[in-house]
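Here's a quick tour for anyone meeting this structure for the first time. Take a look at the model, then read on.

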Amino acid sequence: MKIKRLRIDDFGIIRNQTIEDISSNMVVIGGPNRSGKTTFKKLLKCLGYGFKGQSNLPSPNNKYRVEGDFMLETGDKFQLLIEGHSEPKVSCLQGDFSRVKGSTCLYNNLDMFTYQQLFTISLEELKRLPDNLDKKEEDKLQSVLLGAGLKDIIQISPVEKKLRKEAEKIGGKNGSPNVKEFKPFYNQIKAGLELRDRAKSQVNMYYQKLNEKKELDDQIKEIQDRLDDQSLISTRLEVLEHWYTDYQKLTDLENSLNAPDIKNLLQEECYISLEKIDQFIEEYQNLSNDIETAYEAFVNKITQNYLDKGKLEKEKIVSAVKKSLITNYNQIDMYYRQASGLRERLQRYREEKAEIQNTEYNLKIEANKVSDGLGDSLDKITNMKLDNLNKDALIRCIEEYLELSRQKNQVLEDKKSFEEELNHLNSQLAKIRTPESISYLNKYFMFSLIFVIVGGITGLVNILLGTLIGSAGIIGAGLYILIKHQNTSHERLRKDDLMFQIDKTQKQLEIEIEKEKELVEEIKDLENKIEWYKQNIGLNKNIAVEMIKEHLHQVITLNEKVENLKSLKINFEQKKINLVNEFEKLYTLIDEIYTKMYQTTSLQNEISKEEVLTKGENLLIKLEQLLELSKEALEIKRLEQRKKDLEEKMISELNLNEISGTKSILSTLKTLKDRITKQEKYRQLEEELSILKSQLVSFLKMDRVKEAFGIEEDHLVQNEELIKRFRNYWKEYAIVKEIKESKKENERKIAELKERLDKAKDNTKQLELELKDLATDENIQKSQAKIDSARKDLRPLAEKYAVNKVAAFLLKEAKSKFLKKAKEDLLKEANVYFEKITDGDYKGIMPVPDLMNSDFHIESKNGEIVQTTDVLSRGTKEQLFLSVRLSRIKEITPPLPVILDDTLTNFDMYHLGRTVSLLTELSKTHQIFILTCHPELVKAILDYSQSAQFFSLKNGVFSPTKGEELITNLNRR
């Protein structure tokens with residue numbers, strides 16, 4: 001199970017914190033003291049079990065609230081929620097909800113004590129016994145640490161004790177019928193028996209029959225004794241028959257081993273074992289074969305180009321090449337170790353060459369875009385006189401030219417505007433008509449005359465009306481003329497105004513014309529200057545002035561790029577020279593060896609010196625081939641030296657004379673082997689003889705066999721005396737057939753005696769029936785009823801006693817056998833961890849005889865047994881108990897999260913590194929939370945783990961971070 005996300009809303013100092021995407025491997029949480037690490041540890045300890053009933057928990061701000069996402073090994077995902085002191089609630093996010101019935105199911109239904117004591121490891125847990133544990137909890141903790149069913153064994157003891165007490169309550173310690181609860185029934189049976197005896201004594205016939213039965217019993221005893229004697233004879237014959245062939249073999253072995261030459265051979269001291277000689281022969285043959293194989297492979301590679309040479313000449317060439325390769329091995333190896341660097345430099349050379357060519361091509365294209373033909377040769381760009389150019393003056397000139405052009409355009413626009421305005425004013429002036437005052441008087445008199453005439457004519461009819469018409473006409477005509485005159489006065493004023501505006505516009509137009517002339521002169525001067533700049537720096541004559549500034553910038557940029565390209569080319573040429581020098585040195589070394597290897601040919605037939613860069617890869621391949629050859633040459637030399645050392649060792653250990661040549665040495669070894677083989681063979685026969693004697697003696701020491709051979713049971717007899725007695729009986733029979741015949745005759749006698757015995761027993765049974773009939777009076781019946789009643793009541797009590805007694809015995813035996821086996825297997829995995837952490841200083845952890853004792857025996861690397869952990873240093877003791885806990889954690893499946901709270905504080909850097917290495921391996925299967933304030937631990941984790949996840953914890957706030965940053969922050973504390 002893995003914790004993938006935690007949301008901590010309220011838990012002590014930690015509030016409103018979310019930890020997302022938690023690693024399934026190793027999670028390192030670092031922070032100074034009082035930053036919240038212990039609070040977070042307590043949260044992780046209780047996460048699967050809730051906060052109810054937990055002691056020493058930090059107080060919530062309001063109410064505990066923690067939420068977490070979990071992923072099982074099956075891939076199913078669940079969410080757990082704890083609010084206050086209520087039970088944790090589990091909901092399914094993905095997968096089969098039936099897999100988890102409650103929060104403890106996420107933790108493999110492991111009880112809270114086991115998880116908190118085993119999977120949570122701080123300095124307190126690495127003591128021999130953590131503080132604040134009572135005796136019951138100490139026993140439970142020991143069973144948790146050792147596992148292997150020890151918890152069940154602990155529960156057996158009280159059950160066994162209870163069963164034994166129940167049995168003792170019924171029948172005492174030994175089950176005697178006259179004690180405890182058995183006693184009343186025993187007394188009743190005893191009284192019944194006494195009553196029955198008194199009843200029997202009253203019957204005379206009963207005694208007569210009883211005497212007859214006694215005589216029969218004596219007869220049966222006599223027959224049984226004779227039958228026992230015949231049975232002993234039968235046993236002796238069976239032993240003789242069974243051992244006849246083996247004893248014959250024993251005798252032959254003694255005769256064979258007593259031969260003088262065999263005695264001398266057996267008396268010789270065997271200073272070396274047959275296995276050692278076989279080892280020498282095998283090792284020597286293997287070395288010879290390895291040398292031959294390696295030499296043949298080496299020769300085939302060297303001589304494949306001159307197969308026409310003679311054998312002696314080939315060997316001479318091979319020897320010279322081998323010597324040259326061994327001599328130059330260090331130099332070849334040096335170049336080979338530099339080969340990757342040379343390859344990289346060669347690759348960079350090619351890439352830089354291609355990059356320079358590509359850059360030059362792109363610059364030419366860019367130059368042609370700036371100006372046609374400029375890219376034909378980049379020298380045109382560098383030949384431009386840009387060094388002496390006053391760029392600012394040219395730019396000012398261009399800007400001034402553009403400004404004057406703008407002003408000129410503005411003047412032209414203003415001039416055109418004034419001309420248009422002047423034409424408009426003239427057209428308006430032409431439309432104005434202003435008549436003279438005399439014309440208005442003429443019109444008045446004409447209108448007045450008309451009205452007078454009309455009035456006069458009307459007056460002829462009506463004087464008053466005629467007068468009114470005449471008067472009104474004269475007045476009306478006057479008013480009309482007056483108004484008309486006033487209107488024409490306004491037009492005159494407007495005309496005067498237009499005349500003024502026309503005069504003013506004409507003057508402004510003349511000013512603009514004068515400005516235009518001045519600007520044209522100034523622009524012409526600037527154009528001449530700009531043309532001078534164009535010619536001076538080689539710009540295109542047809543380029544517009546507006547584009548000169550941008551064009552100039554492009555040219556300058558191109559010039560800079562071309563200069564940079566030249567600089568790159570210079571650096572490139574220098575790198576090329578250096579690279580060529582390196583490859584030429586390599587070329588010289590390879591050519592020298594090739595000349596010796598191929599005699600008349602050299603490396604130049606394949607690669608010339610001028611091609612060291614173009615065919616540099618081929619040169620490096622040949623270097624690799626030479627390195628392989630030189631390694632083979634060194635391997636041959638090493639094998640030859642090993643062979644020589646082995647020869648010296650064999651001569652020394654086997655006390656051989658100086659010998660030379662593979663065949664001579666192997667022949668000597670095989671001769672020695674044959675002699676030792678023969679000696680081993682007779683030693684085995686000697687051992688076989690000893691075993692036969694031992695088996696025979698053991699057989700003869702059996703009580704029944706001793707009795708069959710007439711040896712008293714308490715009589716002490718030497719082994720040789722036993723064999724001698726056997727030999728005396730054995731000599732009586734020349735062949736096995738005689739024993740079988742005697743055995744057959746004895747079986748016949750036994751059959752007769754058994755027949756007589758059965759007949760006598762039948763008679764006895766008849767007498768017993770008669771005696772039973774004689775004893776059937778009232779007293780006998782009463783006594784028997786009393787006995788039967790007591791027996792009936794006693795039976796269930798006896799069965800109960802037997803059940804309790806047998807059950808207690810079986811539990812005791814089961815516990816004994818389990819503990820015996822458990823002591824051998826309990827700490828096997830812990831031994832591996834402890835040996836790795838201590839780098840072999842200690843190689844074994846063993847439980848003490850009392851498995852409930854929380855101590856251990858420790859075996860050091862030299863085999864010394866340390867009887868108690870109390871004598872160990874604190875660091876070593878913590879390493880031991882950490883190993884025990886890690887081994888138990890590894891045994892529990894599926895894996896659960898492990899919590900380490902500054903567990904490794906007392907480890908030095910060396911043992912810290914080895915421990916972190918083991919934790920890294922464990923994190924591949926278990927999620928590990930490491931809480932620490934020590935930067936040394938974080939650095940060790942960075943050195944050994946590539947997948948560790950790091951968080952910084954400060955004042956209850958979690959922040960994802962990198963390992964290096966966490967180290968820096970912890971160093972500041």
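A quick word on terms: helices here are DSSP runs (H or I) of at least four residues, numbered from the N terminus. Keep in mind that this is a predicted model.

**The big picture**
- The protein has 28 helices and 14 strands.
- Out of its 973 residues, 39% count as buried.
- Its accessible surface comes to about 56,600 Å², and carbon and sulfur atoms account for 49% of that.
- Take the contacts between residues at least 6 apart in sequence: 71% of them join residues at least 24 apart.

**A six-stranded sheet**
- Six strands make an open sheet with mixed pairing, in the order β7-β11-β12-β3-β13-β14.
- At the edges sit β7 (120-122) and β14 (957-961), each pairing on one side only.
- On average, neighbouring strands in this sheet are turned by 20° against each other, direction ignored.
- Strand β13 (residues 949-954) pairs with β14 in the antiparallel sense, over five bridges.
- Leu953 stands opposite Phe958 of β14.
- Helix α27 (residues 935-944) packs on the sheet, where it touches β3 (26-30), β12 (928-932) and β13. The direction of α27 makes about 145° with that of β12.

**A nonpolar patch**
- Helix α15 covers residues 437-461, and Val454 lies in it.
- Together, Met446, Ile450 and Val454 make a nonpolar surface patch of about 250 Å².
- Why does Val454 count as partly exposed? Its relative accessible area is 38%, and partly exposed covers values between under 20% (buried) and over 50% (exposed).

Definitions and conventions
Residues are numbered from 1 along each chain as its sequence is written. This is a predicted model: local features need pLDDT of at least 70, side-chain atom pairs count only at pLDDT 80 or more; totals for chains, interfaces and linings use all residues. Side-chain values use heavy atoms; hydrogens and water are left out. Patches are made of residues with over 30% relative accessible area and no salt bridge: like charges are joined within 9 Å, nonpolar side chains (Val, Leu, Ile, Met, Phe, Trp, Tyr) within 5 Å. Accessible areas come from the Shrake-Rupley method with a 1.4 Å probe; for residues, only the protein chains shown count as cover. A salt bridge is a side-chain nitrogen of Lys or Arg within 4 Å of a carboxyl oxygen of Asp or Glu. Helices (H or I, at least four residues) and strands (E, at least two) are DSSP runs, numbered from the N terminus. Buried means under 20% relative accessible area, exposed over 50%, partly exposed in between (1.4 Å probe, protein chains only). Contact means heavy atoms within 4.5 Å. Two strands pair if DSSP finds at least two bridges between them. Axes are lines fitted to C-alpha atoms, for helices over the stretch in contact, and angles run from 0 to 180 degrees between N-to-C directions.
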